[in-house]
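Dear colleague,

Please find the structure below, handed over for your use. My findings follow it, and I would be grateful if you could read them alongside the coordinates.

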Amino acid sequence: MTLLAGLKSARTIQDVARLLNTKASALAFMLYKESPDTLYTEFSIPKKYGGFRAIAAPIPKLKLVQRKLADILQICLQEINEKENYSDKVAHGFKRGRSIVTNAQCHKRKRLVFNLDLEDYFGSINFGRVRGFFMADRNFQLHPSTATILAQIACYKNSLPQGSPCSPIISNLVGNILDVRLVRLAKESGLTYTRYADDLTFSTNAQSFPESIAVSSADSLHSWMVGKGLNELIERSGFRVNSSKVRVQYRHSRQEVTGLVVNKRVNIPSTYRRKVRAMVYSLVTEGYFEFKEIGEKDAESAQPTKKGSLNQLHGMLSYIYQLDSSNRKELSAANFKDGVPVSERDVPLTTTEKVFRRFLFFKNFYSTQKPVIICEGKTDNIYLHYALLSLATRFPNLVVKQAQKYSFAFSLHRYSRSSTERILGIQGGSGDLKMFMLNYLTSYNFFKVKVKKQPVILLIDNDDGANDIFSMAKNYLGYKPTGQEPFLHVDGNLYLMPTPLLNSRTKSTIEDFFDDKVKSVQVSGRSFDPKRKHNGSASTYGKNEFAREVVAKQANSIDFSKFSYVFKNIEDIIADFQSKVAAGKIKP
């Protein structure tokens, strides 16, 4: 039985509780015994364009039930759409794979863009509408008692509360009635229509909008009102227009949809970029940044100024980066050179991306709360992870034991496919670490904030690939390292650590710290080739597979004792850094 069929057959609270995988007695107590005021925490947050938004956040046990209901309704909606071979291309809010970006993309390069907001969107979807929808909608047609229980779970003070996990999906289900009517109206007029929650947008390449959609005010040619036909459909669907949020935007002025510029391609407003850039500058020079909700100039001036967090600023920069990256992929010049595909990481960083890099340097390395180790690739991280777990009792200063489990007293820089590759320029290998050293120390000298620092350690293979890094280090040390040194303090909080030399050898790699027995393990009849990073051949496999299939899976039987040389040098670096800070040789 599908979840939709289960909902349709439900008659009692026991049936609903079973679908929600919760106890009927606990659900009944929440719905009928506990005071609604004890189930929610109410507070207000500033709106982007002035005023405040009331939030009613459910307590954890109710939130869990609402989350389960939201998941069930999402699965039911997918079942309905698949059955009817229907794809909703109109609603972009609170939908998987949809966002303000996908909403804005529908209105690129249009002559006219018409925006309007619905007033008190969630508040206008009351208990009766929710209950009535689940009973009357032809795809649900739930029993009245089941529809009542679902409405009781979802509603607070007779409406959908902002803060509940199930309010978005239910608002979209109810809002689909409006969408169907407005799609029909837009199609009749040759317009494009989308909705992002309470934000409705129409666009056209015609000379003007039909009067059923928008009419200009008699007082001003550029002051607009919602047309009679559109307004009637909105009110018939149980909503109201917020008359203060109605505007038409012209091709030769800046056109925005859900906060994004859409004149040529979807882009971030320049005002947003400048303010985020100023926040980063304030952070790295003063140690903090303040901000107001970024919105219209007049409304923004009324917002309170508050100190921001690193995570908030990281989110703003990631938001800009992701949209810029998407736009860059659309431009053929960024993808091809003389007909040959060009990797994104080979395209020079933009000004905004350089600001992002400076922020990441500050957050991840300059003001880090733990020592950071940057290896040549993610395989080295796997080696160190399992090696230290094996040797934890021998290096108590490098581990933290809690409840019979170990965590590390340092951070291993994690390689990813997100901003790391392009912004930090670290994909893996000695060449990338050479440029990281240059770029980081350049930013380090720009940072003026006094913070408690930790060492940043570049762990590199002590082979021919280290020569370029040693040459770069010479610019700071005054001499070129030989590779015999256990570690080198390059500058600031940056250290360079070549892999230790074993048995009087002149070169080493991190794989040398595994014994021959481990490196001789075959995978699917193939032998390990440490010179290969990724895929091997018909007879060999590379480092990635060695890390995943051998080291990770057979860690309990591997002798990691040679890695003690590596961890001893890491301990010595941390001690050296602390002594230099105490002596005033490294400024806070």
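In strand S5 of this predicted model, Asp 199, Thr 201 and Ser 203 point one way, while Leu 200, Phe 202 and Thr 204 point the other way, and all are buried. Buried means under 20% relative accessible area, with exposed over 50% and partly exposed in between (1.4 Å probe, protein chains only). In a regular strand the side chains alternate between the two faces of the sheet. S5 covers residues 199–204; strands (E, at least two residues) and helices (H or I, at least four) are DSSP runs, numbered from the N terminus.

S5 has two antiparallel partners, where pairing requires that DSSP finds at least two bridges between the strands. Strand S3 (residues 112–118) pairs with S5 over 6 bridges, and Phe 114 has Phe 202 as its bridge partner. Strand S4 (residues 192–196) is joined to S5 by 5 bridges, with Thr 192 partnered by Ser 203. S4 and S5 form a hairpin with 2 residues between them, and Ala 197 in the turn has a positive phi of about 55 degrees.

Strand S19 (residues 456–460) is likewise mostly covered, with 5 of its 5 residues buried. Val 456, Leu 458 and Ile 460 lie on one side, and Ile 457 and Leu 459 on the other. S19 runs parallel to strand S15 (residues 372–374), to which 3 bridges join it; Ile 373 stands opposite Ile 457. S19 also pairs in the parallel sense with strand S21 (residues 494–498) over 5 bridges, where Leu 458 has Leu 496 as its bridge partner.

Turning to the cysteines, the count of disulfides (pairs of cysteine sulfur atoms within 2.5 Å) is 0. For Cys 166, the nearest cysteine sulfur is that of Cys 155, 8.1 Å away. Cys 166 counts as buried because its relative accessibility is 0%.

Over residues 294–302, pLDDT stays under 50. Where pLDDT is low, the predicted coordinates should not be read in detail.

Residues are numbered from 1 along each chain as its sequence is written, and side-chain values use heavy atoms, with hydrogens and water left out. Local features need pLDDT of at least 70 and side-chain atom pairs count only at pLDDT 80 or more, whereas totals for chains, interfaces and linings use all residues.

Yours sincerely

How values were computed: pLDDT = per-residue confidence, 0-100. Contact = heavy atoms within 4.5 Å.
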